Amino acid sequence: MLRASRKQELKNLIFAQSIKLFKEKGFDNVTVEEITQACGIAKGTFYNYFPKKEAVLLHLAVSQLKSVHESIQRNKNIPGLKQQLLHLFSNLFHQYAEQPDMVRLVVSEMMRADMFIDAEMRIVEKFRQALAALLEDAKDKGLLTTQAASEDIAAVLTGVYFNSLMIWLSGDTAAIQIETLFQRHFDIVWEGIRSGGVVEQ
């Protein structure tokens, strides 16, 4: 367990140092060698964690997907589907609010590079599937009684999440709270879900 923790710490260090260099010099101008020097590690160690420099940018999305699964397990005993969902999204937004410049850089670079499209879509699909599984579980527990397919509701929630993220990143992140922005959008969608038969607790 301790070894796994140290490996995660090193991966996070590589990510943090890489992002720092990307911000200072631009993604295209940073080499793997510069990243490894900043981290005090060998090139081989870098490649143990990331197959190439571009893979560093996916680390944030992969970490957030892991956070989704952890949140679902941690929040399963929270009464009410709405509160479970809000807690899940709140956990995701926490890191964004702490480091908006890092998030903006990662998102802009990933959107700029075509090579990330397939990898991004796979992560988004896993995110949607995790939400759909949560909704199906809510149906089983009687917290959600709607004819709408869980996959369709999950797709809408995924869209609201990413739309809120993009609006926040395109504005003044210091003045706009991403969680507040998402809550406004979520409440509108929630009214539609409620009218479809949500049982609130």
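Start by selecting Leu57: setting aside neighbours within four places in sequence, Leu57 is in contact with Ile19, Phe22, Phe27, Leu105, Val106, Glu109, Met110 and Phe116. Contact here means heavy atoms within 4.5 Å.

Before moving on, a word about the model. This is a predicted model, in which local features need pLDDT of at least 70 and side-chain atom pairs count only at pLDDT 80 or more, while totals for chains, interfaces and linings use all residues. Residues are numbered from 1 along each chain as its sequence is written, and side-chain values use heavy atoms, with hydrogens and water left out.

**The whole protein**

Zoom out and colour by secondary structure. You will find nine helices and zero strands; helices (H or I, at least four residues) and strands (E, at least two) are DSSP runs, numbered from the N terminus. The C-alpha trace spans about 55 × 40 × 30 Å along its principal axes. Of the 201 residues, 43% count as buried, where buried means under 20% relative accessible area, exposed over 50% and partly exposed in between (1.4 Å probe, protein chains only).

**The core**

Which residues have the most contacts inside the largest nonpolar core? Select Phe22, Leu57, Leu85, Phe89 and Tyr96, in a core of 63 residues. Such a core is a set of buried Ala, Val, Leu, Ile, Met, Phe, Trp, Tyr and Cys residues joined through side-chain atoms within 4.5 Å. Helix α7 brings the largest share of this core, nine residues.

**Along α4**

Next, select α4 (55-74). This helix has 20 residues and reaches 28 Å from its first C-alpha to its last, close to the 28 Å expected at 1.5 Å a residue; the expected span is 1.5 Å times one less than the number of residues. Buried residues in α4 include Leu57, His59, Leu60, Ser71 and Ile72.

**Two pockets and a cavity**

On a 1 Å grid over the protein atoms alone, a cavity is a set of points where a 1.4 Å probe fits but cannot get out, and a pocket is an open set with protein on both sides within 12 Å along at least five of seven lines; lining residues have an atom within 4 Å of a point. Grid points are joined across faces, edges and corners, and a volume is the space filled by probe spheres set on the points.

The largest pocket has a volume of about 410 Å³. Of its 20 lining residues, Ala61, Glu120, Val124, Phe162 and Leu165 are the closest to its centre. The lining has 18 nonpolar, one polar and one charged residues. Ala, Val, Leu, Ile, Met, Phe, Trp, Tyr, Cys and Pro count as nonpolar, Asp, Glu, Lys and Arg as charged, and the others, Gly among them, as polar.

The second largest pocket holds about 300 Å³ of space. Select Gln8, Asn12, His59, Ser63 and Gln95, the closest to its centre among its 13 lining residues. Helix α4 gives the most to this lining, with six residues, and the classes are three nonpolar, eight polar and two charged.

For the largest cavity, with a volume of about 30 Å³, select Ser71, Ile72, Asn75, Lys76, Gln84, Leu88 and Leu134.

**Last stop: Ala154**

Leaving aside neighbours within four places in sequence, Ala154 is in contact with Arg128, Leu131, Ala132 and Leu135.
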